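Trainee: I'm new to this one. Can you put it up and walk me through it?

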Amino acid sequence: MSPDSRTPGSARSAAEVNEHIRALWLRAGGSLSAQERAEYELLVVEWAEAIRERIIEAA
C-alpha cells in the first residue's frame, strides 16, 4: 500500500498531513506561535492516527 493512499476512516493520508506539517513550519520560519503550536499538535495527532490505520490494515 502506498504511503500516499487514503485509508478508510481517515480524512487525509499520513503523507498529506505531513505536507501540512512541513508547510506550517515553513510559514512559521522555524518558530511556532501559541496558535501555530496548537495547530501543529492537532496535525501530529492526525498524522499518527493515519499511520496507525495504515499499519492495522497491513497486519
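Trainee: Let's start with Glu 46. Is Glu 46 buried, exposed or partly exposed?

Mentor: Partly exposed, because its relative accessible area is 21%. Buried means under 20% relative accessible area, exposed over 50%, partly exposed in between (1.4 Å probe, protein chains only). Keep in mind that this is a predicted model: local features need pLDDT of at least 70, side-chain atom pairs count only at pLDDT 80 or more, and totals for chains, interfaces and linings use all residues. Residues are numbered from 1 along each chain as its sequence is written, and side-chain values use heavy atoms, leaving out hydrogens and water.

Trainee: Which helix is Glu 46 in?

Mentor: Helix α2, residues 34-58. Helices here are DSSP runs (H or I, at least four residues), as are strands (E, at least two), numbered from the N terminus.

Trainee: What does Glu 46 touch, leaving aside its neighbours within four places in sequence?

Mentor: Arg 12 and Val 17. Contact means heavy atoms within 4.5 Å. Val 17 is 29 residues from Glu 46 in sequence, and their C-alpha atoms are 7.2 Å apart.

Trainee: New topic. How many helices and strands are there?

Mentor: Two helices and zero strands.

Trainee: At what angle do the axes of α1 and α2 cross?

Mentor: Roughly 160°, and the axes come within 8 Å. So α1 is roughly antiparallel to α2. That label needs an angle over 145 degrees; under 35 is roughly parallel, 65 to 115 roughly perpendicular, and the rest oblique. Axes are lines fitted to C-alpha atoms, for helices over the stretch in contact, with angles from 0 to 180 degrees between N-to-C directions.

Trainee: Which residues make that contact?

Mentor: On α1, they include Val 17, Ile 21, Leu 24 and Trp 25. On α2, Tyr 40, Leu 43, Glu 46 and Trp 47 are among them.

Trainee: Where does Ala 15 lie?

Mentor: In helix α1. Ala 15 counts as partly exposed because its relative accessibility is 21%. Its C-alpha is 8.0 Å from that of Trp 47, 32 residues away along the chain.

Trainee: And where is Ser 13?

Mentor: In the segment before α1, which spans 14-28. Ser 13 counts as buried because its relative accessibility is 5%. Its side chain reaches the backbone nitrogen of Glu 16 at 3.1 Å.

Trainee: Zooming out, what share of the chain is buried?

Mentor: Buried residues make up 19% of the 59 residues.

Technical notes:
A polar contact is a pair of N or O atoms within 3.5 Å; within protein, one must be able to donate a hydrogen and the other to accept it, and residues adjacent in sequence count only if both atoms are side-chain atoms.
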